[in-house]
Amino acid sequence: MVGGRKGKEMARLTLISMLFLWAGSMLMVQGGDPTLFFEWNVTYGTIAPLGVPVKGILINGQFPGPNINSTTNNNIVINVFNNLDEPFLVTWNGIQHRKNSWQDGVLGTNCPIPPGKNYTYKFQVKDQIGSYIYYPVTAMHKAVGGFGGLRVNSRLLIPVPYADPADDYTLLVGDFFNKGHTSLKKILDSGRNLGRCDGVHLNGKVAKGDGKDEPLFTMEAGKTYKYRICNTGIKTSLNVRFQGHTMKLVEMEGSHTMQNDYDSLDVHVGQCFSVLVTANQEPRDYYVVASTRFTKREVTATGIIRYKNGKGAASSELPPPPVGWAWSLNQFRTFRWNLTSNAARPNPQGSYKYGSINITRTIKLANTAQRVDGKLRYALNGVSYVEPTTPLKLAEYYGVADKVFKYDTIPDEPPSDNTKVTLAPIVLNMTHRNFVEIIFENHETAIQSYHLSGYSFFAVGMDVGKWSPEKRMNYNLLDAVSRHTIQVFPNSWSAILLTFDNCGMWNLRSEIWDRHYLGQQLYASVISPNRSLKDEYNLPEGVLTCGIVQGMPRPPPFSS
């Protein structure tokens, strides 16, 4: 025992190190990995990103929502109070939730939070770094808020492949519809298309260019800043560029990349890039610009970047956007994994030789848009997903899956007649630890964007036309970026590789939210034959239940 003044001082320092406030949250260190505590109140409130008042969704009064600032292996506890008049649920896009799909926050794993109730998420950002987002998955809530940035910083002992920036900024860009989420839902429920967006916002704002705009961010001449750029919109790809400045790409969806310089970047829905921008121009105001891509009518929005002690307004001459999607396809091909850099662990990223693993299953998914009973539906391999009232994972865990869904309702190849569409839950039965190839074929004229929860995958190929086995000859089997979202250009295909080693029920979904809402999604069920805590956690205490499992006795937990 340590006594006297020295002992009291050591105790005081220990207490300080165990409990303090950080970025609006409470951080508790209890011998292991630190825990961040948040309390979120979700409410309605008036927002006007395009100057038109809209009923928005706020988190703690904020639009966009608060930024979560965490570090590798932090435990995150978020108590979400739903003060809306309808169910609400939020997902953590890109967080892998190892062995813990219970916390993914999608309707296939979680019951939505009823109005006037709360639910506490508890998850760990295990072995991850990078830039991510969170957003609501219920109805069309995402269109009017409830989203925000989620960053996972590297631990101090793990070096990153660039010098510490002077500051670290989050830039959330997205399309916006002034109709509001209720009207957008009614449009889709009536079987119609949403049409084009009304505008674009940057962190919920648009510069007016009248000399009175407050800056989104400030920079000091000669210093370098990190910008985490994420597309939180519902359907539109955006091109982002900094007036007079280049961007050095350093990270993409949890992977350090080769550090190429870009004048502009196409950021597709659900994707996040981290770039370094050096303040090496004349000290004054500059615009950061976001404009729609692959739309008949281009929409552009700007925000102010202000140099400290700078003089002069931003020039009205904006940097031009690229033209056509071939430019974007070629940009994708420049993205490379940094093989020598560390990620969340001390070993280099390139120590995982994914290109030498034998493929055990190939799944080819083709998206279609068809009308069913006169109403628009989106489908994968001829089936349009419908949400059952009982979450798939709960049905599986409680042993009543056969009453809720059937496994493998779609084939691994698109049917020869892909114009016929049926409605059903879609659950692929995946063998634990199989190395799988997934091909996305897009026969439509609209760009697609897909996300797979619970995993990162290697985006090894992308090209025009239809995929065939000989296309594997052109796969990047050395340094494809490990990521969780991939775009598919019109009349083109994209290919990904991954090992299904994370047990749970995982959502593969379109990030184009009207497509997601109208059925362009599925789930992958990964079950360990061992039924062991080494592979998957038990059902958490306090989890919300609904549907046919409500009131049923909890199944016996895994014991080892």
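**Reading the model**

Mentor: Pro64 sits in the loop between strand 4 (54-59) and strand 5 (68-71). Strands (E, at least two residues) and helices (H or I, at least four) are DSSP runs numbered from the N terminus. This is a predicted model, in which local features need pLDDT of at least 70 and side-chain atom pairs count only at pLDDT 80 or more, while totals for chains, interfaces and linings use all residues. Residues are numbered from 1 along each chain as its sequence is written, and side-chain values use heavy atoms, with hydrogens and water left out.

Trainee: What is the peptide bond from Phe63 to Pro64?

Mentor: Most peptide bonds are trans, and most residues other than glycine have a negative phi. The bond from Phe63 to Pro64 is cis, with omega near -10°.

Trainee: Which phi does Glu253 have, and is Glu253 buried or exposed?

Mentor: Its phi is positive, near 50°, though the residue is not glycine. Glu253 lies in the loop between strand 16 (247-252) and strand 17 (255-256). At 3% relative accessibility Glu253 is buried; buried means under 20% relative accessible area, exposed over 50% and partly exposed in between, with a 1.4 Å probe and protein chains only. Phe294 also has a positive phi, about 60°, and is placed in the loop between strand 21 (285-292) and strand 22 (300-307). Phe294 is partly exposed, at 31%.

Trainee: Where do the buried residues of helix 2 fall, seen down its axis?

Mentor: An α-helix has 3.6 residues a turn, so residues three or four places apart point the same way. In helix 2 (residues 181-189), the buried residues are His181, Leu184, Ile187 and Leu188. They fall within an arc of 120°, so they line one face of helix 2; the arc is that of the directions from the helix axis to the C-beta atoms. Their cover includes strand 3 (35-47), strand 4 and helix 5 (513-517). Gly191, with a positive phi near 90°, follows helix 2.

Trainee: Which residues have the most contacts inside the largest nonpolar core?

Mentor: In soluble globular proteins, nonpolar side chains tend to be buried together. A nonpolar core is a set of buried Ala, Val, Leu, Ile, Met, Phe, Trp, Tyr and Cys residues joined through side-chain atoms within 4.5 Å. The largest here has 137 residues, and those with the most contacts inside it are Trp92, Tyr227, Ile438 and Phe500. Not counting residues up to four places away in sequence, Trp92 touches several residues, among them Trp40, Ile68, Tyr121 and Leu150; contact means heavy atoms within 4.5 Å. A second, separate core of twelve residues includes Trp337, Tyr475, Ala480 and Trp493.

Trainee: What is the order of the open sheet of five strands?

Mentor: Strands of a sheet pair through backbone hydrogen bonds, either parallel or antiparallel. Here the order is 27-35-34-29-32, with mixed pairing; two strands pair if DSSP finds at least two bridges between them. Strand 27 (427-431) and strand 32 (485-488) stand at the edges with a single partner each, so one side of each has no neighbour in the sheet. Strand 29 (residues 448-452) and strand 34 (residues 504-510) run antiparallel and are joined by three bridges. Tyr450 has Ser510 of strand 34 as its bridge partner.
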